[in-house]
4 protein chains.
Amino acid sequence: MYSFKNDYSEGTHERILNALIKSNLEQTEGYGEDIYTKKAVELIKERIGHEDADIHLFVGGTQTNLTAISAFLRPHEAAIAANTGHILVHETGAIEATGHKVISIKVSDGKLRPKDIKPVLEAHTDEHMVKPKMVYISNPTEIGSIYSKNELELLSEFCRENKLILYVDGARLGSALCSEENDLELSDLGRLVDAFYIGGTKNGALMGEALVICNDFLKEDFRFHIKQKGALFAKGRLLGIQFLELFKDDLYFDLARHANAMAKLLKEEIIAAGYKFLIDSPSNQIFPILPNKLIEKLQDKYSFAIWEKFDQDSSVIRLVTSWATKEEKVLEFIEDLKKFYK
Amino acid sequence: MYSFKNDYSEGTHERILNALIKSNLEQTEGYGEDIYTKKAVELIKERIGHEDADIHLFVGGTQTNLTAISAFLRPHEAAIAANTGHILVHETGAIEATGHKVISIKVSDGKLRPKDIKPVLEAHTDEHMVKPKMVYISNPTEIGSIYSKNELELLSEFCRENKLILYVDGARLGSALCSEENDLELSDLGRLVDAFYIGGTKNGALMGEALVICNDFLKEDFRFHIKQKGALFAKGRLLGIQFLELFKDDLYFDLARHANAMAKLLKEEIIAAGYKFLIDSPSNQIFPILPNKLIEKLQDKYSFAIWEKFDQDSSVIRLVTSWATKEEKVLEFIEDLKKFYK
Amino acid sequence: MYSFKNDYSEGTHERILNALIKSNLEQTEGYGEDIYTKKAVELIKERIGHEDADIHLFVGGTQTNLTAISAFLRPHEAAIAANTGHILVHETGAIEATGHKVISIKVSDGKLRPKDIKPVLEAHTDEHMVKPKMVYISNPTEIGSIYSKNELELLSEFCRENKLILYVDGARLGSALCSEENDLELSDLGRLVDAFYIGGTKNGALMGEALVICNDFLKEDFRFHIKQKGALFAKGRLLGIQFLELFKDDLYFDLARHANAMAKLLKEEIIAAGYKFLIDSPSNQIFPILPNKLIEKLQDKYSFAIWEKFDQDSSVIRLVTSWATKEEKVLEFIEDLKKFYK
Amino acid sequence: MYSFKNDYSEGTHERILNALIKSNLEQTEGYGEDIYTKKAVELIKERIGHEDADIHLFVGGTQTNLTAISAFLRPHEAAIAANTGHILVHETGAIEATGHKVISIKVSDGKLRPKDIKPVLEAHTDEHMVKPKMVYISNPTEIGSIYSKNELELLSEFCRENKLILYVDGARLGSALCSEENDLELSDLGRLVDAFYIGGTKNGALMGEALVICNDFLKEDFRFHIKQKGALFAKGRLLGIQFLELFKDDLYFDLARHANAMAKLLKEEIIAAGYKFLIDSPSNQIFPILPNKLIEKLQDKYSFAIWEKFDQDSSVIRLVTSWATKEEKVLEFIEDLKKFYK
């Protein structure tokens, strides 16, 4: 059984593992005050081209989101998210548990644009309603689409005009930035958004997300919030070592490129086999629509998620590739798909 | 300027005022442990026909909702509400501020039915999502529609099958129960729902809502929650005195009947004048669609809410009648409406 | 049975009742946007001598405290209170329920001084601990003591130096300001503290507390917080009318003076009868230490709280006087106390 | 510079590291539903002798505490802790941030006994106060003392009689259970307490704590709470692999025994050198009282925490040993201490 279920099925890339092994018996300070974390932070700042950014390393994405959002908002302020937004549907109400409403906007491609947000602002007129204060987006989105530079610039401008905090969930940011359709760079994020995180867990690290706070007003006392949410990691150096390895050269991007290449290969061959997709995703998650009978056969050898029913006879499935996906397994999958088809 | 803006523009019915005056210098226990509150509670239990119900008096509706919902749910559990639900749109995220997500269901008439709720239950499959645990409805709804006995029975049955708490926001319950289309009685609520509140503020009291907890499992330690949310009223007897007066005979229903009669009069005459309505509301809120030019003229003499834009030339307005609405003013309004029309 | 149990046993002073009767059938805007509230707010600003203050009217004290404190603090910030502080012991964890720790400081007389707070600041050194950010005091304290102008000035100076918000719970502020030992005025509060509230419930109003926010940084969006906590009162004019009546001349202070005079009379005669007190309280709560046998006899005719056990044979009781306490009843109580004593 | 600052300065024991390396490229399910976690859970249940226990693996201690406590308590319920309790002082108000008060009890040795808790229960009499519902203890305590079997039995009995949840923070549980003075076994915990956690982070794991829920009433829907608090670890197998390695033989206890032996060696030699201790700790944290001059010299070569000032000339320091502490470094430290002394 080979899994295309997600991008965190394996452990970590061997370079990261070796870095952990090598440093294993060194003594360091705890709670992210070690030398590795300091170096990793400096390195990431350089890559973003934002010397004044504050960077904090977390173990996981939900943890990062809930800590950041609850630290950034006052009690009456709400976040706005696309209806597919991770904080809306797949974090068990983690944001609401910190006291904040998440306002859902129905869109077709997972992306928010000023025209989607404007009516929400207009509808929230007074103190009988929450105050929309943050725009939460994911890049790539939860359905694999990505933001172009122009889209992000327009959104950024709109947020600044309307005093909205723009926050980017980058759980799979590597895949977005390495997509063939992408024209965004890390430094654009540093310039255009108030805060974002660079996902490690889904791009080859054992675990880890690097939260980047660009807006000075959001920085104060942030470590208190990390500790209060149970997110201050005792052996913080484990995160520092991993991000240092990922960013000391292009490893982070190489891993994402591999994941994307595998997804592209899958996509092209599935198209060639005559199937359509729910959405044209340029990142490492793809959503082909397949006959239920074919899906059943594939499930004997491969694991993947059934995304949703499409019609009586077919369903949308989600295939996720990763830094660890083996090309031979992709080819085998394609072969099986074509074979079963006949 | 005469107001049809809401049903809490005046003070209180004179019988209630007199009861307050008469008891003013008596000494009583505080925090709802006085003799008036005890009597009022007994009386309401009788009227509901539910000896074992627990009844707690509150000052206002949002306070009642947030105290009850946060006491009834565990942290990971969510409430389900129609998209027009008061807790969803007009309580500034009060429920989320206690840590709970409110799941919105889009419906056209403000009412929830099993077929609306079922897909929500089916979509919430595991621990990555909140657990839907409460169905919140308002009767009448925020747009004036009411539940029939059959509708409430079906909803109640569905909730019990699915282990969902059924909670009714009765801010204008009097108007629903006294509507000509209504076939529900107070005792049906006691039988069919887990908890509900009987609104006083919008039906002639100075202030006050009576929360009725029917389900034994929801009763424990409830007064702790009232105090914790700042809702344990020092001079609790003020609420007891008012509900005693409202329920010692049919005053509560008489006041609601008057409000409904005034709304009906308005409705019939507006129909006669050739206008349509957003929804056919049988309670004390009506939503006529009027030409913008007519609205502007009416606004010189009357205050009311503009509900929403209808088309280029016309808008939906909301007219609310109350226990205090004067028939002469209704007639005057109708006359003006017809006069301006020509 | 006559009650010295608290200062909210009766309804309201007749002047306030008359003002409510007189305005009863007028139509006004809801939620504190009526003309009475506006006038009351202007009047109070004048009395405080603080044109820029923001004033919000609430129904009760716990509601005021939890709304203000949760609006003023960020999630990681804590309030500091004396061990007798109302928010610490008698509000069912209302402040913690909004997410904030309340740090207790043990003092003997209910009052906080810089020397008490300093060690707390020194002990909270880093992000593994909450950040002390607010000093909560009550004037008079929960055991009847009051702050002198000098004490408040020193505390204010200390708070400003240490960037601490100084908040005063004035549930019985009238009694403090009208005490014979008092040298503080309303305007001193406006000058020295960041926010405070003027209690109405315990000084002759049916209900109501006026929160005064002096510090500009604490004002933003405050009405959102009121609504979110269920504290935005539909018929807000009821609060406006009462505070207008209390402050349009010296009624607020006259009522407090009467309460204090009655307490003084009790105190002097109890001393004359040879008894001691737990603390020398100059306000409307006094704490005599009486033989248990005497207490039992007094309980046949009077209700009051047993505060705590003193020794094997005697206990501390709490006697509270109010705007409504009748001098004849005080004299009767004293007579009984002396009679029973023999 | 050698560190005695804490027990999480190094990475992980080599056997654990090897297990991680060996499994690195295997594909597994995420979120703790992998085969390693399942095996580890079964193994721990066996060791505890409690087949019906629920076991959940977490990344860190504060995360474990806040998830468990907020899942176990209703909003008005509070936890009771010794004044040194970790949740009281060193988790940045994490418990209060979930809405619950933590009641502090001042004790001298870090341990709670029925006689300490009884007055707290007696003082919390009604709904104006929180309801004490959980007793939180740490074993060993934050100052190194441990509970005897008899002490835990008495506490357990008291909690059951008073319907209090007994919860044990076992961040350093290995050290307690392997102390020479200890007479408790893992199975006693399973029998006597409602929930406890077995700390891995401070006993040789890279990270990880195993929460054991013994009381059936506390088990329902627990994974929802883990996810909501951001504590559901994507690559959960990393925790499973580590606990499997720790418990498949006696590694967990061997590591703790080493840490204790190193602490004992330090303690005996420091006593021999003529110094006293703040408390007689039988676990891996010791608190010698040393002259400030000696401390300064030691700080040139060793890092450790200054716990508190003792008198004008001396201070209490905290020395922590671990699974990784080298005996040669301990001997060197002792030699230096003796040398500097002269």
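**Entry 1: the model.** I am working from a predicted model.

**Entry 2: chain C against chain D.** I began with the contact between chain C and chain D, where 15 residues of chain C touch 15 residues of chain D. I then looked up the area, since the size of an interface is often given as the accessible area lost when the parts come together. Chain C and chain D bury about 1300 Å² between them, and 52% of that lies on carbon and sulfur atoms. I noted three residues on the chain C side: C:T92, C:E96 and C:K101 supply 40% of the area that chain C buries against chain D, more than any other three residues.

Next I looked up the charged pairs. Chain C and chain D have two salt bridges between them. One of them joins the side chains of C:K101 and D:E96, at 3.1 Å from N to O. On the side of chain C that touches chain D, helix 4 (86-89) and helix 5 (94-97) each supply at least two residues. By class, that side of chain C has five nonpolar, six polar and four charged residues.

**Entry 3: chain D against chain A.** I turned to the other face I had picked. Here 44 residues of chain D meet 44 residues of chain A. Chain D and chain A bury about 3800 Å² between them, with carbon and sulfur atoms giving 54%.

I found two salt bridges across this interface. In the one I wrote down, A:K5 pairs with D:E29, and the closest N and O atoms are 2.9 Å apart. Several elements of chain D supply at least two residues each to the side that touches chain A, among them strand 1 (2-3), helix 1 (14-23), helix 3 (61-72) and helix 11 (237-247). I sorted the residues on that side of chain D into 19 nonpolar, 16 polar and nine charged.

**Entry 4: helix 3 of chain B.** I checked the length of helix 3 (residues 61-72) of chain B. At 1.5 Å a residue its 12 residues should span 16 Å, and its end C-alpha atoms are 16 Å apart, so the two agree.

Is this helix enclosed or exposed? I counted 12 of its 12 residues as buried, so helix 3 of chain B is largely enclosed by the rest of the structure. The buried residues include B:G61, B:N65, B:L66, B:I69 and B:F72.

Key
Residues are numbered from 1 along each chain as its sequence is written. Chains are lettered from A and ligands numbered from 1 in the order in which they are written. This is a predicted model: local features need pLDDT of at least 70, side-chain atom pairs count only at pLDDT 80 or more; totals for chains, interfaces and linings use all residues. Side-chain values use heavy atoms; hydrogens and water are left out. Contact means heavy atoms within 4.5 Å. Buried area is the accessible area (1.4 Å probe) that two parts lose on being put together, summed over both. A salt bridge is a side-chain nitrogen of Lys or Arg within 4 Å of a carboxyl oxygen of Asp or Glu. Helices (H or I, at least four residues) and strands (E, at least two) are DSSP runs, numbered from the N terminus. Ala, Val, Leu, Ile, Met, Phe, Trp, Tyr, Cys and Pro count as nonpolar, Asp, Glu, Lys and Arg as charged, and the others, Gly among them, as polar. The expected span of a helix is 1.5 Å times one less than its number of residues. Buried means under 20% relative accessible area, exposed over 50%, partly exposed in between (1.4 Å probe, protein chains only).
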